[in-house]
Amino acid sequence: MDYKITILKGDGIGPEIVNEGIKIFDKIGKIYNHNFIYKRGYLGGESIDKYGVPLSEETIKLCKESDSILLGSIGGPKWDDIDPNLRPEKGLLQIRKALNLYCNLRPAMLFESLKDSSPLKESIIKGGLDIMVVRELTGGLYFGPRNRDEEKAYDTLLYSNFEVERIAKKAYEIAKLRKNRIINVDKRNVLDSSKLWRDVVIKVGEDYPEVKVDHMYVDNAAMQLVVNPKQFDVILTGNLFGDILSDEASMLTGSIGMLPSASLGDSKLGIYEPVHGSAPDIAGKEIANPIATILSVAMMLKYSFNLVKESEAIEASVKKVLDQGYRTPDIYSEGTKKISTSQMGDLIAWNIH
Ligand code: IPM
Ligand code: MG
């Protein structure tokens with residue numbers, strides 16, 4: 001079967017890690033007889049350089065016509081001083097909105113062979129961590145009415161019932177595939193928007209009696225994540241809280257260079273990208289870790305194309321290569337073997353069966 005993939009390499013280390021992702025598609029295609037067809041679009045700084053804007057109509061069209069999208073990372077010091085409305089990050093927010101990708105999945109899992117890189121004590125992470133942050137992505141503070149004048153500025157945290165309903169449904173569906181548990185994170189003790197949020201989450205839950213939902217205030221959740229992370233399985237939360245908590249959760253695993261993400265809507269089309277940023281300081285040096293991007297390819301195969309076997313083959317290969325002791329510099333420790341970005345991609349591709 002043919003799959004049309006839009007490739008958005010982006011900035012900084014984006015191009016090098018995406019190249020490794022493409023190696024993985026090619027290998028999967030060869031073994032399992034799929035045809036992945038790549039079309040190149042532009043996002044963030046590279047789009048500013050090419051079109052003068054961080055997201056062009058051409059790239060939106062390309063994305064809409066494709067089956068799914070692989071993104072590297074965007075941003076860098078080169079574009080720091082431009083008009084805030086033209087910053088690379090705006091392009092990312094605009095593409096999420098343009099494609100209605102309201103559901104952001106950010107798994108934070110601890111790889112057994114990397115457990116020493118977690119900043120948490122062994123007693124706290126013993127037995128592993130496996131958390132799925134389900135973050136609302138096209139509403140809330142990021143997209144509410146806003147303004148700035150000489151004297152003041154405001155952003156608005158606005159959620160409508162339908163926005164909470166659809167993300168809550170996604171979270172319940174995901175919980176059913178995992179441990180039937182959700183911790184909903186909000187700030188109901190202070191915010192009206194959180195009262196609405198929690199009421200809707202509870203209401204949607206009536207259709208999922210098998211799923212147990214608990215509720216936590218966001219400040220407490222930030223604390224609980226470091227004190228007792230194992231109590232979390234699915235975390236459901238809004239856009240800004242999810243932005244913050246997903247970085248926190250990912251760092252608990254000690255290896256932000258390993259974590260993938262998916263941004264989904266109502267169709268199969270999604271954006272798959274590593275959780276980490278564009279790391280301009282190490283760009284072009286062949287030392288970036290491509291595993292987050294490679295695992296994003298695995299997520300795409302599973303969530304966009306329902307190619308579960310293929311997705312699991314990639315995950316198994318990543319695990320095998322780590323177990324064999326191969327490491328990019330960010331996850332290197334004494335006694336392991338340090339290799340480059342492309343060597344890591346080659347090894348993972350080689351070990352896919
Ligand atoms: C993320 C990033 C983005 C966000 C930025 C780059 C706009 O931090 O994907 O978490 O805040 O959503
Ligand atoms: Mg973020």
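**View 1. Asp243 and its neighbours at ligand 1.** A polar side-chain atom of Asp243 lies 2.9 Å from an oxygen atom of ligand 1. The protein covers 75% of the 320 Å² of accessible area that ligand 1 has on its own (areas come from the Shrake-Rupley method with a 1.4 Å probe, and for residues only the protein chains shown count as cover). The model is predicted, so local features need pLDDT of at least 70 and side-chain atom pairs count only at pLDDT 80 or more, while totals for chains, interfaces and linings use all residues; side-chain values use heavy atoms, with hydrogens and water left out. Residues are numbered from 1 along each chain as its sequence is written, and chains are lettered from A and ligands numbered from 1 in the order in which they are written.

**View 2. The shell of residues around ligand 1.** Around ligand 1 are Glu89, Leu93, Arg96, Arg106, Arg135, Tyr142 and Asp243 (a residue is near a molecule or strand if one of its heavy atoms lies within 4 Å of it). Helix 4 (residues 88–98) supplies the largest share of this shell, three residues. Helices (H or I, at least four residues) and strands (E, at least two) are DSSP runs, numbered from the N terminus. By class, the shell has five charged residues, two nonpolar and no polar ones. Here Ala, Val, Leu, Ile, Met, Phe, Trp, Tyr, Cys and Pro count as nonpolar, Asp, Glu, Lys and Arg as charged, and the others, Gly among them, as polar.

**View 3. The salt bridge between Asp199 and Arg188.** The side chains of Asp199 and Arg188 meet at 3.1 Å, N to O (a salt bridge is a side-chain nitrogen of Lys or Arg within 4 Å of a carboxyl oxygen of Asp or Glu). The pair links distant parts of the chain, 11 residues apart: Asp199 is in helix 7 (residues 192–205), and Arg188 is in the loop between strand 8 (181–186) and helix 7. Asp199 is partly exposed at 42% relative accessibility, and Arg188 is partly exposed at 25%. Buried means under 20% relative accessible area, exposed over 50%, and partly exposed in between (1.4 Å probe, protein chains only). The structure holds 22 salt bridges.

**View 4. Two further salt bridges.** Asp80 and Arg87 join their side chains in a salt bridge of 3.4 Å, N to O. Asp80 has a relative accessible area of 39% and is partly exposed; Arg87, at 25%, also counts as partly exposed. In the other pair, the side chains of Lys212 and Asp214 form a salt bridge of 2.8 Å, N to O. Lys212 is partly exposed with 48% relative accessible area, and Asp214 is partly exposed with 35%.

View 5. Glu20 is found in helix 1 (residues 14–32) and counts as buried at 4% relative accessibility. The side chain of Glu20 makes a polar contact of 2.6 Å with the side chain of Lys23 (a polar contact is a pair of N or O atoms within 3.5 Å; within protein, one must be able to donate a hydrogen and the other to accept it, and residues adjacent in sequence count only if both atoms are side-chain atoms). Gly29 is also in helix 1 and is buried, with a relative accessible area of 9%. Gly29 and Met1 are 28 residues apart in sequence and 9.4 Å apart in space, C-alpha to C-alpha.

**View 6. Helix 10 and its buried residues.** Helix 10 (residues 291–303) has 13 residues and reaches 18 Å from its first C-alpha to its last, close to the 18 Å expected at 1.5 Å a residue (the expected span is 1.5 Å times one less than the number of residues). Among the buried residues are Ile291, Ile294, Leu295, Met299 and Met300.

**View 7. Two asparagines with positive phi.** Asn33 has phi near 65°, a positive value in a residue other than glycine. Asn33 sits in the loop between helix 1 and strand 2 (35–41) and is exposed at 66% relative accessibility. For Asn306, phi is near 55°, again positive in a residue other than glycine. Asn306 lies in the loop between helix 10 and helix 11 (308–323) and counts as exposed at 55%.
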